[in-house]
Amino acid sequence: MTVSIIVGTQWGDEGKGKITDLLARDMDMVVRYQGGNNAGHTVVIGNETFKLHLIPSGIFFANVLCVIGNGVVIDPAVLLQEIETLRSKGHPVNNLRISSQAHVILPYHKDLDKAQEKKKEAGRIGTTCRGIGPCYVDKYNRRGIRIADLMDPDALKSKLEWNLEEKGFLLDKYYGMKVSYNVDSIFNEYLGYAHAIKKYVVDESSSLVRDAIKKNKKLLLEGAQGTMLDVDHGTYPYVTSSNPVSSGACVGAGFPPNVVNEIIGVVKAYVTRVGGGPFPTEIEGGIGDKLREWGGEYGATTGRPRRCGWFDGVVMKHAAKVNGLTQLAITKLDVLDNLDKIEICTAYEYEGKQITDFPTDIRRLAKCKPVYEEMPGWKEDTTKVKDYQHLPEKAKKYLDKLAELAEARISLISVGAERGQIIRV
Ligand code: IMP
(Lines give C-alpha, C1' and ligand atoms only; values in the text may rest on other atoms or scores of the structure.)
Protein backbone atom coordinates (compact mmCIF):
# COMPACT_ATOMS: atom_id res chain seq x y z
CA MET A 1 0.00 0.00 0.00
CA THR A 2 1.38 3.42 -0.88
CA VAL A 3 -0.67 6.47 -0.23
CA SER A 4 1.24 9.64 -1.05
CA ILE A 5 0.05 13.20 -0.73
CA ILE A 6 1.47 16.05 -2.82
CA VAL A 7 1.19 19.44 -1.14
CA GLY A 8 2.27 22.95 -2.02
CA THR A 9 4.50 24.37 0.70
CA GLN A 10 4.24 28.05 -0.22
CA TRP A 11 1.49 30.24 -1.76
CA GLY A 12 0.66 27.85 -4.60
CA ASP A 13 2.28 27.74 -8.04
CA GLU A 14 5.15 25.58 -6.76
CA GLY A 15 4.97 23.27 -9.78
CA LYS A 16 2.74 20.54 -8.34
CA GLY A 17 1.37 19.66 -11.80
CA LYS A 18 4.75 18.58 -13.10
CA ILE A 19 5.54 16.54 -9.99
CA THR A 20 2.12 14.85 -10.03
CA ASP A 21 2.50 14.02 -13.71
CA LEU A 22 5.93 12.58 -13.01
CA LEU A 23 4.82 10.35 -10.15
CA ALA A 24 1.44 9.43 -11.66
CA ARG A 25 2.88 6.95 -14.15
CA ASP A 26 3.59 4.53 -11.28
CA MET A 27 0.20 5.01 -9.62
CA ASP A 28 -3.15 3.30 -9.86
CA MET A 29 -5.15 6.35 -8.82
CA VAL A 30 -4.67 10.13 -8.60
CA VAL A 31 -7.21 12.15 -6.58
CA ARG A 32 -7.69 15.94 -6.43
CA TYR A 33 -8.95 16.73 -2.94
CA GLN A 34 -9.75 20.44 -2.70
CA GLY A 35 -9.99 23.77 -4.53
CA GLY A 36 -11.49 24.29 -7.94
CA ASN A 37 -10.58 26.02 -11.14
CA ASN A 38 -8.69 28.67 -9.20
CA ALA A 39 -5.80 26.21 -9.65
CA GLY A 40 -3.73 25.89 -12.79
CA HIS A 41 -1.48 22.84 -12.92
CA THR A 42 0.91 23.04 -15.83
CA VAL A 43 2.12 19.86 -17.51
CA VAL A 44 4.52 20.08 -20.47
CA ILE A 45 4.64 17.06 -22.77
CA GLY A 46 6.89 17.54 -25.79
CA ASN A 47 5.72 20.66 -27.60
CA GLU A 48 2.38 20.73 -25.84
CA THR A 49 1.64 22.67 -22.65
CA PHE A 50 -1.49 21.67 -20.74
CA LYS A 51 -2.97 23.84 -18.02
CA LEU A 52 -5.21 21.66 -15.91
CA HIS A 53 -7.61 23.43 -13.60
CA LEU A 54 -9.81 20.62 -12.31
CA ILE A 55 -8.72 17.33 -13.82
CA PRO A 56 -5.98 15.54 -11.86
CA SER A 57 -2.55 15.76 -13.47
CA GLY A 58 -2.42 11.95 -13.85
CA ILE A 59 -4.95 12.06 -16.70
CA PHE A 60 -2.30 11.49 -19.39
CA PHE A 61 -1.85 7.88 -18.25
CA ALA A 62 -4.86 5.89 -19.45
CA ASN A 63 -4.38 3.16 -16.83
CA VAL A 64 -4.42 5.63 -13.91
CA LEU A 65 -7.88 6.33 -12.52
CA CYS A 66 -8.21 10.09 -11.93
CA VAL A 67 -10.77 11.17 -9.36
CA ILE A 68 -12.11 14.64 -8.66
CA GLY A 69 -12.83 14.16 -4.97
CA ASN A 70 -15.70 15.28 -2.73
CA GLY A 71 -13.65 18.22 -1.43
CA VAL A 72 -13.40 19.92 -4.82
CA VAL A 73 -15.75 22.63 -6.11
CA ILE A 74 -16.59 22.18 -9.78
CA ASP A 75 -17.52 24.68 -12.46
CA PRO A 76 -19.02 22.22 -14.96
CA ALA A 77 -18.52 24.51 -17.98
CA VAL A 78 -14.79 24.72 -17.20
CA LEU A 79 -14.59 20.98 -16.61
CA LEU A 80 -16.24 20.21 -19.95
CA GLN A 81 -13.95 22.65 -21.73
CA GLU A 82 -10.95 20.94 -20.14
CA ILE A 83 -12.21 17.50 -21.19
CA GLU A 84 -12.76 18.78 -24.73
CA THR A 85 -9.26 20.30 -24.96
CA LEU A 86 -7.66 17.05 -23.77
CA ARG A 87 -9.72 14.99 -26.20
CA SER A 88 -8.87 17.25 -29.13
CA LYS A 89 -5.20 16.62 -28.36
CA GLY A 90 -5.51 12.85 -28.36
CA HIS A 91 -6.21 12.16 -24.66
CA PRO A 92 -9.57 10.35 -24.41
CA VAL A 93 -10.20 11.10 -20.67
CA ASN A 94 -11.94 7.74 -20.16
CA ASN A 95 -10.10 7.38 -16.85
CA LEU A 96 -11.85 10.33 -15.16
CA ARG A 97 -14.26 9.96 -12.24
CA ILE A 98 -16.15 12.75 -10.48
CA SER A 99 -17.49 12.59 -6.95
CA SER A 100 -21.25 13.06 -6.67
CA GLN A 101 -20.54 14.83 -3.36
CA ALA A 102 -18.42 17.58 -4.92
CA HIS A 103 -20.09 21.00 -4.94
CA VAL A 104 -21.07 22.91 -8.05
CA ILE A 105 -20.09 26.49 -8.85
CA LEU A 106 -23.06 28.48 -10.16
CA PRO A 107 -23.21 31.89 -11.87
CA TYR A 108 -24.15 33.62 -8.60
CA HIS A 109 -20.98 32.33 -6.92
CA LYS A 110 -18.85 34.06 -9.55
CA ASP A 111 -20.93 37.24 -9.31
CA LEU A 112 -20.66 37.26 -5.50
CA ASP A 113 -16.89 36.71 -5.70
CA LYS A 114 -16.53 39.75 -8.00
CA ALA A 115 -18.99 41.88 -6.02
CA GLN A 116 -17.26 41.15 -2.69
CA GLU A 117 -13.86 42.04 -4.09
CA LYS A 118 -15.24 45.24 -5.64
CA LYS A 119 -16.94 46.32 -2.44
CA LYS A 120 -13.75 46.15 -0.40
CA GLU A 121 -12.10 49.56 -0.31
CA ALA A 122 -8.88 48.18 1.09
CA GLY A 123 -7.56 44.72 1.83
CA ARG A 124 -8.78 43.04 -1.33
CA ILE A 125 -7.90 39.35 -1.28
CA GLY A 126 -7.23 39.41 -5.01
CA THR A 127 -9.25 36.24 -5.59
CA THR A 128 -9.30 34.52 -8.95
CA CYS A 129 -13.02 35.55 -9.17
CA ARG A 130 -13.94 32.00 -10.13
CA GLY A 131 -16.61 31.77 -7.41
CA ILE A 132 -14.54 29.45 -5.21
CA GLY A 133 -15.08 31.22 -1.85
CA PRO A 134 -18.85 31.74 -2.24
CA CYS A 135 -19.29 28.11 -3.34
CA TYR A 136 -17.50 26.85 -0.20
CA VAL A 137 -19.58 29.27 1.90
CA ASP A 138 -22.73 27.62 0.54
CA LYS A 139 -21.26 24.18 1.22
CA TYR A 140 -20.61 24.99 4.87
CA ASN A 141 -23.88 26.89 5.16
CA ARG A 142 -25.63 23.76 3.84
CA ARG A 143 -27.11 25.62 0.89
CA GLY A 144 -24.83 24.12 -1.72
CA ILE A 145 -25.76 22.26 -4.86
CA ARG A 146 -23.78 19.07 -5.26
CA ILE A 147 -23.05 17.04 -8.38
CA ALA A 148 -25.68 14.56 -7.11
CA ASP A 149 -28.26 17.37 -7.19
CA LEU A 150 -27.36 18.15 -10.81
CA MET A 151 -28.35 14.58 -11.62
CA ASP A 152 -31.76 15.07 -9.98
CA PRO A 153 -33.83 17.68 -11.88
CA ASP A 154 -36.39 18.20 -9.09
CA ALA A 155 -33.74 18.78 -6.43
CA LEU A 156 -31.81 21.05 -8.78
CA LYS A 157 -34.88 23.16 -9.56
CA SER A 158 -35.89 23.73 -5.95
CA LYS A 159 -32.33 24.39 -4.73
CA LEU A 160 -31.79 26.80 -7.59
CA GLU A 161 -35.01 28.63 -6.80
CA TRP A 162 -34.15 29.48 -3.20
CA ASN A 163 -30.52 30.16 -3.94
CA LEU A 164 -31.34 32.54 -6.78
CA GLU A 165 -33.84 34.37 -4.61
CA GLU A 166 -31.31 34.82 -1.80
CA LYS A 167 -28.29 35.64 -3.96
CA GLY A 168 -30.25 37.94 -6.26
CA PHE A 169 -31.41 39.94 -3.23
CA LEU A 170 -27.90 40.11 -1.74
CA LEU A 171 -26.23 41.14 -4.98
CA ASP A 172 -28.83 43.76 -5.78
CA LYS A 173 -29.58 45.26 -2.36
CA TYR A 174 -26.25 44.92 -0.60
CA TYR A 175 -23.63 44.88 -3.33
CA GLY A 176 -25.51 47.06 -5.83
CA MET A 177 -24.83 44.63 -8.67
CA LYS A 178 -27.61 44.38 -11.19
CA VAL A 179 -28.29 40.77 -12.05
CA SER A 180 -31.27 39.21 -13.75
CA TYR A 181 -31.15 35.50 -13.08
CA ASN A 182 -33.64 33.35 -14.89
CA VAL A 183 -34.31 30.10 -13.04
CA ASP A 184 -35.34 28.23 -16.17
CA SER A 185 -32.37 29.21 -18.26
CA ILE A 186 -29.84 28.38 -15.49
CA PHE A 187 -31.73 25.15 -14.80
CA ASN A 188 -31.59 24.14 -18.47
CA GLU A 189 -27.96 25.15 -18.82
CA TYR A 190 -26.93 23.06 -15.80
CA LEU A 191 -29.10 20.10 -16.85
CA GLY A 192 -27.11 20.17 -20.08
CA TYR A 193 -23.88 19.98 -18.09
CA ALA A 194 -25.33 17.16 -16.00
CA HIS A 195 -26.07 15.19 -19.14
CA ALA A 196 -22.55 15.79 -20.49
CA ILE A 197 -20.67 14.76 -17.32
CA LYS A 198 -23.02 11.98 -16.17
CA LYS A 199 -20.81 9.16 -17.45
CA TYR A 200 -17.94 10.28 -15.22
CA VAL A 201 -19.93 10.71 -12.03
CA VAL A 202 -19.60 8.12 -9.25
CA ASP A 203 -21.64 7.84 -6.06
CA GLU A 204 -19.39 7.48 -3.07
CA SER A 205 -16.07 8.33 -4.73
CA SER A 206 -14.57 7.94 -1.28
CA SER A 207 -15.53 4.23 -1.34
CA LEU A 208 -13.61 3.97 -4.60
CA VAL A 209 -10.61 5.53 -2.86
CA ARG A 210 -10.88 3.35 0.25
CA ASP A 211 -11.36 0.18 -1.81
CA ALA A 212 -8.22 0.99 -3.78
CA ILE A 213 -6.31 1.44 -0.51
CA LYS A 214 -7.69 -1.87 0.81
CA LYS A 215 -6.54 -3.61 -2.36
CA ASN A 216 -3.02 -2.26 -1.85
CA LYS A 217 -3.16 0.01 -4.89
CA LYS A 218 -0.89 3.02 -5.22
CA LEU A 219 -2.61 6.34 -4.70
CA LEU A 220 -1.47 9.90 -5.15
CA LEU A 221 -3.47 12.71 -3.58
CA GLU A 222 -3.00 15.94 -5.50
CA GLY A 223 -3.39 19.16 -3.56
CA ALA A 224 -4.05 22.52 -5.18
CA GLN A 225 -2.83 25.97 -3.98
CA GLY A 226 -0.42 25.76 -1.04
CA THR A 227 0.01 25.72 2.73
CA MET A 228 0.18 29.50 3.05
CA LEU A 229 -3.18 29.78 1.25
CA ASP A 230 -4.81 27.27 3.63
CA VAL A 231 -7.91 28.77 5.25
CA ASP A 232 -6.73 27.61 8.70
CA HIS A 233 -2.95 27.52 8.48
CA GLY A 234 -2.16 30.27 5.97
CA THR A 235 -2.04 34.05 6.02
CA TYR A 236 -5.75 34.46 6.87
CA PRO A 237 -7.75 36.25 5.50
CA TYR A 238 -5.49 36.37 2.43
CA VAL A 239 -6.07 32.72 1.68
CA THR A 240 -8.27 30.47 -0.39
CA SER A 241 -11.40 28.86 1.08
CA SER A 242 -10.24 25.27 1.44
CA ASN A 243 -7.55 23.16 3.16
CA PRO A 244 -4.64 22.46 0.79
CA VAL A 245 -2.57 21.01 3.69
CA SER A 246 -1.96 17.25 3.84
CA SER A 247 -4.70 16.58 6.38
CA GLY A 248 -7.16 18.17 3.95
CA ALA A 249 -6.58 15.17 1.68
CA CYS A 250 -8.27 12.82 4.17
CA VAL A 251 -11.40 14.95 4.29
CA GLY A 252 -11.43 15.89 0.60
CA ALA A 253 -11.00 12.34 -0.67
CA GLY A 254 -12.55 10.38 2.20
CA PHE A 255 -9.91 8.13 3.79
CA PRO A 256 -8.44 7.90 7.29
CA PRO A 257 -5.07 9.50 8.20
CA ASN A 258 -3.43 6.26 9.35
CA VAL A 259 -3.00 4.95 5.79
CA VAL A 260 -0.73 7.73 4.56
CA ASN A 261 2.86 6.68 3.76
CA GLU A 262 4.48 9.69 2.11
CA ILE A 263 3.84 13.41 2.19
CA ILE A 264 5.70 15.16 -0.59
CA GLY A 265 6.14 18.90 -0.22
CA VAL A 266 6.59 20.74 -3.49
CA VAL A 267 9.00 23.60 -2.88
CA LYS A 268 9.91 26.27 -5.41
CA ALA A 269 13.58 27.29 -5.10
CA TYR A 270 12.36 30.86 -4.46
CA VAL A 271 8.87 32.04 -3.53
CA THR A 272 5.99 33.65 -5.37
CA ARG A 273 2.56 34.86 -4.47
CA VAL A 274 -0.34 36.05 -6.61
CA GLY A 275 -3.04 38.26 -5.15
CA GLY A 276 -2.96 40.43 -2.02
CA GLY A 277 -1.61 39.74 1.45
CA PRO A 278 1.61 39.59 3.40
CA PHE A 279 4.74 38.28 1.72
CA PRO A 280 7.77 38.91 3.98
CA THR A 281 10.57 38.09 1.51
CA GLU A 282 9.07 39.91 -1.48
CA ILE A 283 11.61 41.62 -3.75
CA GLU A 284 10.04 44.62 -5.43
CA GLY A 285 11.66 45.47 -8.77
CA GLY A 286 15.24 44.48 -9.64
CA ILE A 287 15.87 40.78 -9.01
CA GLY A 288 12.16 40.29 -8.30
CA ASP A 289 11.38 41.34 -11.88
CA LYS A 290 14.15 39.11 -13.21
CA LEU A 291 12.83 36.06 -11.34
CA ARG A 292 9.38 36.77 -12.81
CA GLU A 293 10.84 36.95 -16.30
CA TRP A 294 13.18 33.93 -16.00
CA GLY A 295 10.61 31.80 -14.18
CA GLY A 296 7.65 32.82 -16.38
CA GLU A 297 5.86 33.83 -13.20
CA TYR A 298 2.41 34.68 -14.50
CA GLY A 299 -0.74 33.03 -13.13
CA ALA A 300 -1.71 29.85 -15.02
CA THR A 301 -5.38 30.67 -14.39
CA THR A 302 -5.62 34.46 -14.49
CA GLY A 303 -2.37 35.47 -16.24
CA ARG A 304 -1.65 37.92 -13.40
CA PRO A 305 2.05 38.69 -12.75
CA ARG A 306 3.19 36.86 -9.62
CA ARG A 307 5.02 38.67 -6.84
CA CYS A 308 8.48 37.13 -6.41
CA GLY A 309 10.78 36.83 -3.41
CA TRP A 310 13.72 35.04 -1.79
CA PHE A 311 13.29 31.58 -0.34
CA ASP A 312 11.55 31.84 3.02
CA GLY A 313 12.85 29.29 5.52
CA VAL A 314 10.30 30.30 8.17
CA VAL A 315 7.48 29.49 5.75
CA MET A 316 9.29 26.25 4.87
CA LYS A 317 9.48 25.20 8.53
CA HIS A 318 5.83 26.02 9.05
CA ALA A 319 4.84 23.98 5.99
CA ALA A 320 7.05 21.07 7.06
CA LYS A 321 5.44 20.95 10.49
CA VAL A 322 1.82 21.49 9.46
CA ASN A 323 2.00 18.90 6.67
CA GLY A 324 4.38 16.38 8.23
CA LEU A 325 6.54 16.34 5.11
CA THR A 326 8.52 13.17 4.48
CA GLN A 327 10.10 14.28 1.17
CA LEU A 328 10.73 17.44 -0.78
CA ALA A 329 10.42 18.02 -4.51
CA ILE A 330 12.36 21.17 -5.37
CA THR A 331 11.23 22.98 -8.50
CA LYS A 332 12.62 25.73 -10.73
CA LEU A 333 16.17 25.47 -9.42
CA ASP A 334 17.36 26.51 -12.90
CA VAL A 335 15.65 29.91 -12.53
CA LEU A 336 18.41 30.85 -10.06
CA ASP A 337 21.23 29.84 -12.47
CA ASN A 338 22.23 33.41 -13.37
CA LEU A 339 22.36 35.00 -9.93
CA ASP A 340 25.66 36.14 -8.38
CA LYS A 341 24.30 35.92 -4.85
CA ILE A 342 21.21 34.30 -3.39
CA GLU A 343 19.54 35.26 -0.13
CA ILE A 344 17.77 32.76 2.08
CA CYS A 345 15.51 33.93 4.88
CA THR A 346 16.34 31.82 7.94
CA ALA A 347 14.38 33.72 10.61
CA TYR A 348 12.19 36.78 11.14
CA GLU A 349 13.05 39.66 13.41
CA TYR A 350 10.02 40.43 15.58
CA GLU A 351 10.10 43.11 18.27
CA GLY A 352 13.88 42.89 18.54
CA LYS A 353 14.02 39.09 18.74
CA GLN A 354 14.66 36.44 16.12
CA ILE A 355 11.81 33.99 15.63
CA THR A 356 11.52 30.90 13.44
CA ASP A 357 7.89 29.99 14.13
CA PHE A 358 5.65 31.48 11.46
CA PRO A 359 3.16 33.98 12.95
CA THR A 360 -0.17 33.17 11.31
CA ASP A 361 -1.73 36.34 12.76
CA ILE A 362 -1.10 38.91 10.04
CA ARG A 363 -0.82 41.76 12.58
CA ARG A 364 2.24 40.05 14.06
CA LEU A 365 3.47 39.06 10.63
CA ALA A 366 3.33 42.69 9.49
CA LYS A 367 5.90 43.54 12.18
CA CYS A 368 8.32 40.83 11.05
CA LYS A 369 11.43 41.56 9.02
CA PRO A 370 13.24 38.74 7.23
CA VAL A 371 16.73 37.82 8.44
CA TYR A 372 18.82 36.72 5.48
CA GLU A 373 21.78 34.46 5.02
CA GLU A 374 23.67 35.13 1.80
CA MET A 375 24.85 32.26 -0.37
CA PRO A 376 26.96 32.46 -3.53
CA GLY A 377 25.20 31.77 -6.84
CA TRP A 378 26.51 28.89 -9.03
CA LYS A 379 26.33 30.78 -12.34
CA GLU A 380 26.08 27.60 -14.38
CA ASP A 381 23.35 26.14 -16.56
CA THR A 382 21.56 23.35 -14.66
CA THR A 383 18.80 22.73 -17.22
CA LYS A 384 20.57 19.73 -18.77
CA VAL A 385 21.78 18.11 -15.55
CA LYS A 386 20.35 14.60 -15.09
CA ASP A 387 22.25 13.38 -11.99
CA TYR A 388 22.61 14.97 -8.61
CA GLN A 389 26.43 14.50 -8.73
CA HIS A 390 26.61 16.72 -11.80
CA LEU A 391 24.95 19.69 -10.16
CA PRO A 392 27.31 22.59 -9.37
CA GLU A 393 28.70 22.33 -5.81
CA LYS A 394 27.21 25.71 -4.87
CA ALA A 395 23.78 24.56 -6.06
CA LYS A 396 24.13 21.45 -3.85
CA LYS A 397 24.96 23.70 -0.87
CA TYR A 398 21.86 25.76 -1.57
CA LEU A 399 19.73 22.59 -1.73
CA ASP A 400 21.28 21.31 1.51
CA LYS A 401 20.21 24.51 3.21
CA LEU A 402 16.62 24.11 1.99
CA ALA A 403 16.53 20.49 3.25
CA GLU A 404 18.02 21.57 6.59
CA LEU A 405 15.34 24.21 7.06
CA ALA A 406 12.58 21.74 6.16
CA GLU A 407 14.11 18.89 8.16
CA ALA A 408 13.18 16.59 5.28
CA ARG A 409 15.08 14.89 2.50
CA ILE A 410 15.03 16.03 -1.12
CA SER A 411 13.86 13.30 -3.49
CA LEU A 412 13.29 15.27 -6.70
CA ILE A 413 14.81 18.38 -8.26
CA SER A 414 13.19 19.97 -11.29
CA VAL A 415 15.43 22.01 -13.59
CA GLY A 416 12.99 22.95 -16.35
CA ALA A 417 9.38 22.60 -17.45
CA GLU A 418 9.88 19.49 -19.62
CA ARG A 419 9.09 16.01 -18.26
CA GLY A 420 12.71 14.95 -18.72
CA GLN A 421 14.21 17.89 -16.83
CA ILE A 422 14.19 16.19 -13.47
CA ILE A 423 16.84 14.85 -11.12
CA ARG A 424 15.90 11.91 -8.89
CA VAL A 425 17.96 11.99 -5.73
P1 IMP B 1 -9.61 32.26 -4.52
O2 IMP B 1 -9.09 30.88 -4.27
O3 IMP B 1 -9.96 32.50 -5.96
O4 IMP B 1 -10.71 32.62 -3.59
O5 IMP B 1 -8.42 33.30 -4.20
C6 IMP B 1 -7.91 33.49 -2.89
C7 IMP B 1 -6.41 33.74 -2.92
O8 IMP B 1 -5.76 32.54 -3.32
C9 IMP B 1 -5.95 34.79 -3.93
O10 IMP B 1 -4.83 35.45 -3.41
C11 IMP B 1 -5.55 33.98 -5.14
O12 IMP B 1 -4.62 34.65 -5.96
C13 IMP B 1 -4.94 32.78 -4.46
N14 IMP B 1 -4.98 31.55 -5.27
C15 IMP B 1 -6.05 30.75 -5.51
N16 IMP B 1 -5.69 29.71 -6.25
C17 IMP B 1 -4.37 29.82 -6.48
C18 IMP B 1 -3.43 29.00 -7.17
O19 IMP B 1 -3.73 27.94 -7.71
N20 IMP B 1 -2.15 29.47 -7.18
C21 IMP B 1 -1.78 30.61 -6.55
N22 IMP B 1 -2.62 31.40 -5.90
C23 IMP B 1 -3.91 31.00 -5.86
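I looked up the domain layout and found the C-alpha centres of domain 1 and domain 2 to be 29 Å apart. The domain bounds come from an automatic or database domain assignment. Domain 1 covers 2–94 + 203–424, and domain 2 covers 103–200. I noted that 29 residues of domain 1 and 23 residues of domain 2 take part in the contact between them, contact meaning heavy atoms within 4.5 Å.

The model is predicted: local features need pLDDT of at least 70, side-chain atom pairs count only at pLDDT 80 or more, and totals for chains, interfaces and linings use all residues. Residues are numbered from 1 along each chain as its sequence is written, and side-chain values use heavy atoms, with hydrogens and water left out.

**Helix H13**

I looked up H13, residues 393–406. Helices (H or I, at least four residues) and strands (E, at least two) are DSSP runs, numbered from the N terminus. H13 has 14 residues and reaches 20 Å from first to last C-alpha, close to the 20 Å expected at 1.5 Å a residue; the expected span is 1.5 Å times one less than the number of residues.

I listed its buried residues, among them Tyr398, Leu402 and Leu405. Buried means under 20% relative accessible area, exposed over 50%, and partly exposed in between (1.4 Å probe, protein chains only). The buried residues pack against several elements, including helix H11 (313–323), strand S16 (341–350) and strand S19 (409–414). After H13 comes Glu407, with a positive phi near 50°.

**Strand S16**

I checked Thr346, which sits in S16. Thr346 counts as buried because its relative accessibility is 18%. Beyond its neighbours within four places in sequence, Thr346 contacts Val314, Thr356, Val371, Glu373 and Lys401.

Glu343 is also in strand S16. With neighbours within four places in sequence left aside, Glu343 contacts Trp310, Phe311, Tyr372, Glu373 and Glu374. I also looked up Glu343 and Val104, which lie 239 residues apart in sequence and 43 Å apart in space, C-alpha to C-alpha.

**Cavity**

I searched the whole structure and found one cavity of 30 Å³ or more. On a 1 Å grid over the protein atoms alone, a cavity is a set of points where a 1.4 Å probe fits but cannot get out, and lining residues have an atom within 4 Å of a point. The largest cavity holds about 30 Å³, a volume being the space filled by probe spheres set on the points. Its lining consists of Thr9, Gln10, Val271, Phe311, Asp312, Val315 and Met316. S14 and H11 each give at least two of the lining residues.

How values were computed. On a 1 Å grid over the protein atoms alone, a cavity is a set of points where a 1.4 Å probe fits but cannot get out, and a pocket is an open set with protein on both sides within 12 Å along at least five of seven lines; lining residues have an atom within 4 Å of a point.
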